[in-house]
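The entries follow in the order in which I looked things up.

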Amino acid sequence: MRSISRALSSLQRCARDCSREQQESLSCVVRPFSSHAMTETKSSQGDDVPKKSMNLFSAVNQALNIALETDPRSYVFGEDVGFGGVFRCTTNLAETFGKHRIFNTPLCEQGIVGFAIGLAAMDNRAIAEIQFADYIYPAFDQIVNEAAKFRYRSGNQFNCGGLTIRAPYGAVGHGGHYHSQSPEAFFCHVPGIKVVIPRSPSQAKGLLLASIRDPNPVVFFEPKWLYRLSVEEVPEGDYMLPLSKAEVMREGTDITLVGWGAQLAVMEQACIDAGKEGISCELIDLRTLIPWDRETVVESVNKTGRLLVSHEAPVTGGFGAEISASIVERCFLRLEAPVARVCGYDTPFPLVFEPFYMPTKNKILDAIKAAVNY
Amino acid sequence: MASSAVRALMKNSTLKRGATFITSITEARPYSQHGVREFSCGYALWNASGRSSTFESEDLLRNLSKVVPPATRRLSGEPEKAFTDDEDSEVLDYPGAKTTFTHELKFIPENAAEPVPCYRLLNDFGQPLPWAQLPQMDAELARKIYSHMVSLQTMDLIFYEAQRQGRFSFYMTTHGEEAINIATAAALSPEDVLFTQYREPGILMWRGFSLESFANQCFGNRDDLGKGRQMPVHYGSRELNYFTISSPIATQLPQAVGAAYGLKMDNADACAVAYFGDGASSEGDFHGAMNFAAILETPVVFICRNNGWAISTPTNDQFRSDGIVVKGRGYGIRSIRVDGMDALALYSVVKEARRMAIEESRPVLIEALTYRVGHHSTSDDSSKYRNKAEIDHWKLVRDPVLRFRKWIEAHGWWDVDSEKKIRSEARAAVIAAMNKAGRKEKPHLSALFEDVYDSVPSHLKEQDSQLREVIARHPEDYPTDVPTQ
């Protein structure tokens, strides 16, 4: 597993140097977000805040720097974290904050999370890295049976709220079964933890800082495809974005699109293309999956009358199903078309067939048109 | 002799002080029929100050007859020469292991020829072994340990019966393991943080958790610190540094390591202590915890209660190693095997383990051999898989409470009258606590939706109000002893 991870990470490091053809296909998928979304981010941060252009892994690195600087009881650890991490998110942290606060762990995910729970339970901030979300399953018991129930089972005598588990998730173009998964839905079925997924560098920084400082355990999935490819102006200072608060990235009147993480870039392209055909799409970034901001989605669907949810994870039992059911419960009479789900197929994540598997722009565009013309 | 030879060589070598290299012990036959123990003595790591960094044994030093001339030559820059017999002892410095060559095709035996001995101080009759160095224990401490073992035994007997009468939904006893519960607790400091399984309520009792608090938890009443959310015996107390128990096996072990790391970073005069059973040693969390503890050099004491049974699974279906104690070395962890029925031996071992853990910032593994005299739980009937004679043997011949009583009686610290008195007092206290707890109402319904998160999120508020509407429509569906208003 380690050698594969290493190999993949070297591929990842070469992402910017990949073939022209691949580069084009990637940039098509992850073009910078529309000025509208950026304006919103700016306004929430204030226009006079100094900003710096950076990619997503640098934004994560900056958030970790700030978290470590502002709280001496915070620790960052995981496999290969000491030298900077296979995705470079922990670059220079050990040099800056010392090897007792930033350190490698053995290859044992259940050990990493169990250790992190114990550290957090002693009133520390434990920021644990799982190298790929695909490898989080050995830690599933620690997350589901331990972290999530730590407060509840003790009658609020104990908690491990200082725990944040970071893990890169999602497609990357060449990751196959074990470097591409989006396991968020498993964790959305677990009361007691929060699940957060950012879509861009400035979101990643603000949401990660909020997750680290939130008094509840958080699973924070980072879109690894965007680590290098997504670049935007990121406010330099210390800021947090609210958890359990969705963001309307793009306002529209005909249909509501809901997504999270890397998929939003694809969805935004579909919104732009639909706009050219006279369809006005509202795009919502859920940002926190549990507890999720149902009110914002309900309000939007009550306005547009249509809903499309899109995620990379397999469609059956995906979090899109939960959103769909909740909206049908609350907006049944307002809906003018069935809720559309454009998601991964119910197969393992396939290497060669990745372009077929993915919920691509045109699949979304077709679903938008079908809903509007229903 | 050999030791001074090594030191002389250190002095003359070109190695800088502090550099580490390897010497071989040629007199010891690494793969002899004596097995693992001798093999593991076959190599030693030395640093330039001439101190062994892995073994301190004088026996080892005596076995040293030769240090490593070829390696020394190479390190000091001398040209290599043709193959000699010395090649076997040449230094190999692969990143995964620094060791020497051997020309013998021999595998390490799966187990040492002799099992690891079990440390004890008192024999089955409570008499000190002739060469035993007893810990310092005055009459007051000894009586306190004994009376807590009696209280624990009494609580177990009465609570078990209460479950049988349907007053509790479930119960688990510590019969046979009273000494592990109380004597280890006595050897710890109240600041030490505890990560236990479910057969160690005696530690809480030692720290002052009242009989009523135990009963409150088992009834799941309004005064249960866990707010009625968990099955009986899942105790926890922040005040007493005792993390709330969860049912999954071994999950507490890596958590104890994380907590110990926090204590180390805080320079606390305390360690984390993790308790678990023989079955737990098969879980991945056990192995992860041991490895993390060794690598991160955390002050944690692992105490395994090897009581022979994981529900119905005997230890020979659980592992083929010489118990748990030998697993310590596999992770580079100091370890010891102790008689879990000998309160004095346990007290000594845990005191020393705690000292090493904190002063040297290292993990220590203790395997306490014991026997689960009771059923696994009230949901188990162990007569289905073990015979009564076996249980009786351990109950009658090896009872840890009786053994300790004989020792304090021999000191004149205990007699028949004190025994009668404490037994009847304990019984009355347990019954009174249980009756009091049994009369209390259940926790308020609001506890259902609280504490999932630090504050109640909107979707849980909504579910709360939905439930209240259902209760209003169908009050007959719900228990009357849970207040809902």
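Entry 1, domains. I looked up the domain assignment of chain A, which gives domain 1 (2-235) and domain 2 (247-372); such bounds come from an automatic or database domain assignment. The model is predicted: local features need pLDDT of at least 70, side-chain atom pairs count only at pLDDT 80 or more, and totals for chains, interfaces and linings use all residues. Residues are numbered from 1 along each chain as its sequence is written, and chains are lettered from A and ligands numbered from 1 in the order in which they are written.

I found 30 residues of domain 1 and 28 residues of domain 2 of chain A in the contact, where residues touch if their C-beta atoms, placed from the backbone, lie within 7 Å. On the domain 1 side, helix H3 (35-45), helix H9 (184-188), strand S6 (194-196) and strand S7 (218-223) of chain A each supply at least two residues. Helices (H or I, at least four residues) and strands (E, at least two) are DSSP runs, numbered from the N terminus.

I traced an open sheet of seven strands with mixed pairing, in the order S3-S2-S4-S5-S7-S6-S12 (chain A); strands pair if DSSP finds at least two bridges between them. Strand S3 (102-104) and strand S12 (288-290) of chain A are at the edges with a single partner strand each, so one side of each has no neighbour in the sheet.

Val196(A) stands opposite Thr288(A) in S12(A).

Key
Two residues are in contact if their C-beta atoms, placed from the backbone, lie within 7 Å.
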